[in-house]
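Please work through the following exercises with the sequence and the coordinates side by side. Each task is followed by a solution that goes step by step.

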Amino acid sequence: MTDGADAVRTFKAVVIDIDGTLTAADSLTATSAELGMPAEELVALSYGCHTGRIPYAQACHLLLEHWTASGPVSRTRLETLFHRLPLRPDAPHLIARVHALGLPVALVSSSMSLYVQIVADRLGVGESYANVQLSFDANGVLADLSFTLDSAGLKHRQLLDFCSRHHLTPGEVMAIGDADNDVALFTATGNGVLLAEEAVGELADRAWRVVPTLTRAAELLLTPGSHPPRTATPGEATPASLDKHTPARASGSSRRRAGNP
């Protein structure tokens, strides 16, 4: 993390994670619960896939099998669920601030393509990237799914695609996230904003700033000279305060997304 003199920067674009950042819920966990798959089975499948104990193709098949065990899953049913999952109350404020500044913005998520598109539409964001690809048959029934195991690496490639299309370098982009799969975004941009109550863990170490709310993240989009660097309030970590100690990882800050395939 940087020192206090670097509390305000100029950005030309913003990329934002969804689960745990724009929303409090994990969409894959919520989807699995809706479709009758216990959370512990999703976690076990994720762990087995990431450790190599479950081959990738088998993991895709098992996840689809769990989701459809009680019968066909329609696109309409998933759309209804995804529209129902709540956004954080200050998510629209953050997006409105980005739009007011005329900055390109993209949602970059490890979640499902249909879900990511719905969240983007709800917030009025025109660009989005997802990991889990859902395929539906001619009758609108879920027929297949696939995902990239290295979600952090995928997010990095998606960031580079976003930058290429807008003729930017990663260092001109603010990246807002909350989990370990955002580490590549934080490292590549050098402008990571971690949404967390406590500044602990590897992601906090890679972050430029740590804030407790999206409203605070929006304040970081002020241009230099328009507002003096603000003294941190309780719940927001500053680089100076972090330099005083080396905390251990704690639940609720930098974490691995439990529902990631």
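The model is a predicted one, in which local features need pLDDT of at least 70 and side-chain atom pairs count only at pLDDT 80 or more, whereas totals for chains, interfaces and linings use all residues. Residues are numbered from 1 along each chain as its sequence is written, and side-chain values use heavy atoms, with hydrogens and water left out.

**Exercise 1.** Describe the protein as a whole.

Solution. Begin with secondary structure: the protein has eleven helices and eight strands, these being DSSP runs numbered from the N terminus (helices are H or I of at least four residues, strands E of at least two). Next take burial, where 49% of the 261 residues count as buried; buried means under 20% relative accessible area, exposed over 50%, and partly exposed in between, with a 1.4 Å probe and protein chains only. Finally consider contacts (heavy atoms within 4.5 Å): among those between residues at least 6 apart in sequence, 66% join residues at least 24 apart.

**Exercise 2.** Determine how helices H2 and H3 are arranged and which residues make their contact.

Solution. Two packed helices are described by the angle between their axes and the distance between the axes. The axes are lines fitted to C-alpha atoms, for helices over the stretch in contact, with angles from 0 to 180 degrees between N-to-C directions. Here the axes of H2 (residues 39–50) and H3 (residues 56–67) come within 10 Å and cross at roughly 170°. On the H2 side the contact is made by Glu41, Leu42, Leu45 and Cys49, and on the H3 side by Ala59, Leu62, Leu63 and His66.

**Exercise 3.** Identify the buried residues of helix H6 and the elements against which they pack.

Solution. In H6 (residues 113–123), the buried residues are Leu114, Tyr115, Val116, Ile118, Val119, Ala120 and Leu123. Their packing partners are H1, H4, H5 and the strands S2, S3 and S4. After H6 comes glycine 124, with a positive phi near 75°.

**Exercise 4.** Is serine 109 buried or exposed, and what does serine 109 contact?

Solution. Serine 109 is located in the loop between S2 and H6, and with a relative accessible area of 2% this serine is buried. Leaving aside neighbours within four places in sequence, serine 109 is in contact with Asp17, Ile18, Val116, Tyr129, Ala130, Asn131 and Lys155. The C-alpha atoms of serine 109 and lysine 155 are separated by 7.4 Å, although the two residues are 46 apart along the chain. A polar atom of the serine 109 side chain also lies 2.9 Å from the backbone nitrogen of serine 111.

Notes
Polar contact = N/O pair within 3.5 Å; in protein donor to acceptor, adjacent residues only side chain to side chain.
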